[in-house]
Amino acid sequence: MSTFPQLPPGFRFGTSTAAYQIEGAASEDGKGPSIWDTFTAQQGRIVDGSNGDVACDHYHRFEEDIALMKRLGTKGYRLSLSWPRIQPTGRGPANEAGLAFYDRVIDTLLDSGIQPMVTLYHWDLPQALEDDGGWLNRDTVECFAQYAEIVGERYADRVEHWIPINEPNVASMFGYGLGMHAPGRTLMFDGLSASHHMLMAHGRAAIELRRAGATSIGCANNHAPVWPFSDDDADVGASKLFDALWNGMYLEPMLLGRYPADLVPLMGDLVEPGDLATIRQPLDFYGVNYYNPMKVGAAPEDADLPFEYRAVVGYPTTDFGWPVVPDALREWLIMFRARYRAALPPIFITESGCAYNMGPDADGVVDDQPRIDYLDVHLRAVAEAIQRGVDIRGYYCWSLMDNFEWSEGYTQRFGLVWIDYETQERIPKRSFSWYASMIEAQPAGRG
């Protein structure tokens, strides 16, 4: 066995972050409030009562953070733009100060030999749009298209890859269905309109970005193998329905221009003529965000939903309690290619990582060996999938640095770099050094 996983020449190694999770500067330079500003202000929403007002202060420290990326040796960085920093209310003229900030970030990345992969929406909807219904309101789709036009015209000449919306399944299910994320609505299946409108927004943004000159547009969909709790027909049926809701509902419209057959009755009157053609825009790459498989069983008859999550046992877990199952990633990628074949563009792993919360020891060393082990086995799983014929072009580790982990606040640390939230000191962890050494050990000509 090689000391490090071996990926093909040209394979792109990167890191990923999201604006609300790292930037801070919550109301500086004309930025408007987002749904996460509102959500975190509500008592009991966030485990530790925290918010993203300061986060990692990346807004003021981006040059230091990009210097760390350069030291790491990554050639790609997936960032997101803050919609309310660019359009404070989600409508109308752009905020020049917000645009100028991302100009500086993009130019500094390029000067450092790092190619940006830009996500337009990583969950921080302008609060003014939520006040008008948010993603439940079809008008938000056109607002998003205008936002895409603004950023496309500004940055398309310098951005290598574009992603309109990060994880529409998580944003809609957790934000509008279950109420675990902003805006905190608990609509259950009635939240599916948010899913449809996010998919529509993906398509409309792709059209506007291409019109502005973007040459590589993809997605970043969260995918997980869904395992039935047992062989019982009820558990198998529940797992198939959940698989359609979590995976198929986003795959099939983007790649095939249709919703899974099991979901068509649930979509009701949401789908208007032309919608699915809008969603199915040509994709230059397909982004997979992977963390762990899920186990699902049938719920009791009086439950709000027909399925319920069950524990995946028999595997090590992260400090977040998520099972570590690299074989599930390998098998899912192989199945994905086998099922979609010609409809599937090249794949990027746009997020993959783990929460381990150890901090600096007496010598200032953050010994996060479990994260090294996680990255090692998951990169080997990707390498095996490539050997089996899956066209995978890159792996973006979540995350460059510890950050605000949504409803978990600052209690879960996913970073290669440890952040002292009191002083904003950055301390590269042992996993940072391992990732750098692994990149350095790759075949010549890596991307």
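Helices (H or I, at least four residues) and strands (E, at least two) are DSSP runs, numbered from the N terminus. Residues are numbered from 1 along each chain as its sequence is written. This is a predicted model, in which local features need pLDDT of at least 70, side-chain atom pairs count only at pLDDT 80 or more, and totals for chains, interfaces and linings use all residues, while side-chain values use heavy atoms, with hydrogens and water left out.

**Stop 1: two cis peptide bonds**

Select W398 and S399. The peptide bond that joins them is cis, with omega about 10 degrees. S399 sits in the loop between strand 11 (392-398) and strand 12 (417-419).

Now select A182 and P183. The bond from A182 to P183 is also cis, and its omega is near 10 degrees. To place P183, look in the loop between helix 8 (168-177) and helix 9 (192-211).

**Stop 2: two residues with positive phi**

Most residues other than glycine have a negative phi, and most peptide bonds are trans. Select A25, in the loop between helix 1 (19-22) and helix 2 (35-40). Its phi is near 45 degrees, a positive value in a residue other than glycine. Is A25 buried or exposed? Buried means under 20% relative accessible area, exposed over 50%, and partly exposed in between (1.4 Å probe, protein chains only). A25 has 5% relative accessibility, so A25 counts as buried.

Next select D57, in the loop between helix 2 and helix 3. Phi of D57 is near 55 degrees, again positive in a residue other than glycine. D57 counts as buried because its relative accessibility is 14%.

**Stop 3: helix 3 and helix 5**

Select residues 58-72, which are helix 3, and residues 96-111, which are helix 5. At what angle do helix 3 and helix 5 pack? The angle is about 15 degrees, and the axes are 10 Å apart. Axes here are lines fitted to C-alpha atoms, for helices over the stretch in contact, and angles run from 0 to 180 degrees between N-to-C directions. Helix 3 and helix 5 are therefore roughly parallel to each other. Angles under 35 degrees count as roughly parallel, over 145 as roughly antiparallel, 65 to 115 as roughly perpendicular and the rest as oblique.

The crossing of helix 3 and helix 5 is right-handed. A crossing is right-handed if the near helix is turned clockwise from the far one by less than a right angle, and left-handed if anticlockwise. To show the contact (heavy atoms within 4.5 Å), select H58, Y59, F62, I66 and M69 of helix 3, then A97, F101, R104, V105, T108 and L109 of helix 5. By class, this contact of helix 3 with helix 5 has 8 nonpolar, 2 polar and 1 charged residues. In this scheme Ala, Val, Leu, Ile, Met, Phe, Trp, Tyr, Cys and Pro count as nonpolar, Asp, Glu, Lys and Arg as charged, and the others, Gly among them, as polar.

**Stop 4: helix 5 and helix 7**

Helix 5 passes helix 7 in a right-handed crossing. On the helix 5 side, select E96, G98, L99, A100, Y102, D103 and I106; they meet I150, R154 and Y155 in helix 7. The contact of helix 5 with helix 7 divides into 6 nonpolar, 1 polar and 3 charged residues.

**Stop 5: helix 13 and helix 14**

Select residues 326-340 for helix 13 and residues 369-387 for helix 14; they pack at about 25 degrees with axes 8 Å apart. That makes helix 13 roughly parallel to helix 14. Their crossing is right-handed. P326, L329, R330, L333 and I334 in helix 13 meet V377, H378, A381, V382, E384 and A385 in helix 14. In this contact of helix 13 with helix 14 there are 8 nonpolar, 1 polar and 2 charged residues.

**Stop 6: cysteines**

A disulfide is counted as a pair of cysteine sulfur atoms within 2.5 Å. How many disulfides does this rule give? The count is 0. Select C354: the closest cysteine sulfur, in C397, is 7.2 Å from its own sulfur, too far for a bond. C354 counts as buried, at 0% relative accessibility. C143, at 7% relative accessibility, counts as buried too.
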